[in-house]
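My entries follow in the order of looking.

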Amino acid sequence: MARVDVIRVKGGARLAGDVHVGGAKNSALKLMAVALLAEGRSVVRNVPRITDIAIMAEVLRRLGCDVTLDGTEAAIEVPAEPGSEADYDLVRRLRASICVLGPLLARRGYVRVALPGGDMIGSRGLDMHVSGLARMGADISGEHGFVIASAPAGLRGSKIWLDFPSVGATENLLMAAVLAKGTTEIDNAAREPEIVDICEMLTAMGARIDGAGTSTLEIEGVDTLNPVRHDTVGDRIVGGTWAFGAAMTRGDVTVHGVRPQYLDIALDKLVAAGAVVEPGDDLFRVRMENRPRAVDIVTLPYPGFATDLLPMAIGLGAVANGSSLITENIFDGRFMFVNEMARLGADIRTDGHHAVVRGRERLSGAPVRATDIRAGAGLVIAGLCADGVTEVGEVHHIDRGYPDFVADLAKLGVEVERADVPEPTFDF
Ligand code: EPU
């Protein structure tokens with residue numbers, strides 16, 4: 001019999017206490033790719049201890065780097081000539097490995113990276129990565145499931161307009177532009193704190209970048225960059241998950257390690273729902289005394305409400321007093337998990353990229369299944385507002401984004417366990 005990991009939580013819990021959040025997954029993974037841009041030993045600190053970081057370490061090892069993961073530190077020794085191929089067996093496990101495309105093309109003039117394909121939250125194209133690099137002079141084709149790019153004479157600075165402020169495309173183009181000849185301007189660039197983090201590491205390495213955190217990035221190419229040590233920005237999505245958890249369970253949680261201004265709109269929504277939010281320097285406290293009021297939420301690129309907090313927004317609506325209209329604008333498959341939330345008794349109707357959620361006083365515990373990282377965390381938190389026990393399966397998804405989820409829940413007062421349960425197999 002196969003065995004699978006599940007997380008079981010007892011409903012009726014109230015999250016209370018302090019929780020410490022580590023570095024952002026979506027920054028740390030890219031910072032490890034940034035290291036490829038300089039020969040020598042770069043160290044990325046405050047990396048979360050999650051599977052994705054271990055996979056990224058393996059991607060870099062296969063490119064000839066010597067990578068050591070020690071606690072929350074990733075030390076990456078980059079050779080003079082890193083490899084130029086990333087295979088499907090790793091890329092399919094970690095979509096983010098597509099971020100080696102830009103830096104390798106910049107350093108090697110040739111790169112072959114497997115296409116990651118779609119996933120449970122949507123189709124996730126690469127057209128903006130490709131057209132941006134082509135504008136910088138790369139010759140790009142797709143063959144046998146790979147993106148192949150070459151620029152034997154080097155990349156050249158160029159003006160690039162993105163159709164949409166894509167996080168991944170902005171990162172790949174930025175990492176390519178820092179070593180290109182001349183000046184690159186990326187318009188309608190993504191403004192996420194993780195992009196600013198990448199710009200800060202690149203600048204410390206000797207890159208010339210103007211406009212980090214704005215929609216226009218101006219990058220003047222340099223000949224070489226130097227290895228550095230860099231601290232990863234705190235994970236605003238993990239911090240936001242605890243903030244919603246506090247509000248949904250009428251709890252009182254202080255989140256350490258995340259700057260509240262990176263969650264401005266999300267925290268403002270919680271205030272509208274009736275929570276008291278006290279911001280600090282690198283922390284914030286969320287308290288909720290009564291049943292949350294229903295609020296409408298629209299996901300948008302940063303500084304809008306983060307799509308990665310959509311499952312928490314739906315969870316809040318599911319237990320709120322009134323009806324909430326939740327609109328998703330980033331991923332076409334983000335609502336895939338609502339059928340699981342409905343198994344907990346949530347009243348959710350979706351139509352295209354809108355969901356109407358009619359709040360209920362209490363949900364009802366049931367076995368459910370995580371369909372992606374954020375949906376998994378959202379289901380566990382919703383389980384806290386349910387009668388009885390909720391068992392969330394396929395928790396390997398949660399492990400990809402929340403390093404100490406079960407331990408943190410326990411510290412915040414939840415009766416929680418992680419169990420390894422047998423899964424029947426059916427032979428034909
Ligand atoms: N898109 C295109 N063409 C492109 C690039 C993007 O059509 O060339 C579309 C995508 O299909 C998607 C939308 O644009 O519908 C947004 O994509 P974006 O490139 O902004 O996202 P990403 O880089 O693929 C990162 C995070 C996601 C997070 C989004 C949005 C990483 C590894 N992933 O994805 O995080 O939701 O930005 O903020 O950084 C997660 O952590 O659970 C997660 C999914």
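I found an open sheet of four strands, ordered β10-β11-β13-β12, with mixed pairing. I took strands (E, at least two residues) and helices (H or I, at least four) as DSSP runs numbered from the N terminus, and I called two strands paired if DSSP finds at least two bridges between them. β10 (159-161) and β12 (208-210) are the edge strands, each with a single partner, so one side of each has no neighbour in the sheet. On average, neighbouring strands here are turned by 15° against each other, direction ignored. I then looked at β11 (residues 183-187) and β13 (residues 216-220), which pair in the antiparallel sense over five bridges. Opposite Thr-183 I noted Glu-220 in β13.

Note on the source. The model is predicted, so I kept its limits in view: local features need pLDDT of at least 70, side-chain atom pairs count only at pLDDT 80 or more, and totals for chains, interfaces and linings use all residues. Residues are numbered from 1 along each chain as its sequence is written, and side-chain values use heavy atoms, with hydrogens and water left out.

I found four strands in an open sheet with the order β6-β7-β9-β8, and the pairing is mixed. β6 and β7 (residues 110-114) run parallel and are joined by two bridges. I traced Ala-86 to its bridge partner in β7, Val-113.

The axes of α4 (residues 101-108) and α6 (residues 167-177) come within 7 Å and cross at roughly 20°. Axes are lines fitted to C-alpha atoms, for helices over the stretch in contact, and angles run from 0 to 180 degrees between N-to-C directions. I therefore logged α4 and α6 as roughly parallel (angles under 35 degrees).

How many cavities of 30 Å³ or more does a search of the whole structure find? I got one. A cavity is a set of points on a 1 Å grid over the protein atoms alone where a 1.4 Å probe fits but cannot get out, and lining residues have an atom within 4 Å of a point. The largest cavity holds about 50 Å³ of space. Its lining includes Lys-25, Glu-194, Asp-308 and Arg-374. I noted that α1 (25-34) and α8 (236-248) each supply at least two lining residues.

Conventions: On a 1 Å grid over the protein atoms alone, a cavity is a set of points where a 1.4 Å probe fits but cannot get out, and a pocket is an open set with protein on both sides within 12 Å along at least five of seven lines; lining residues have an atom within 4 Å of a point. Grid points are joined across faces, edges and corners, and a volume is the space filled by probe spheres set on the points. Angles under 35 degrees count as roughly parallel, over 145 as roughly antiparallel, 65 to 115 as roughly perpendicular and the rest as oblique.
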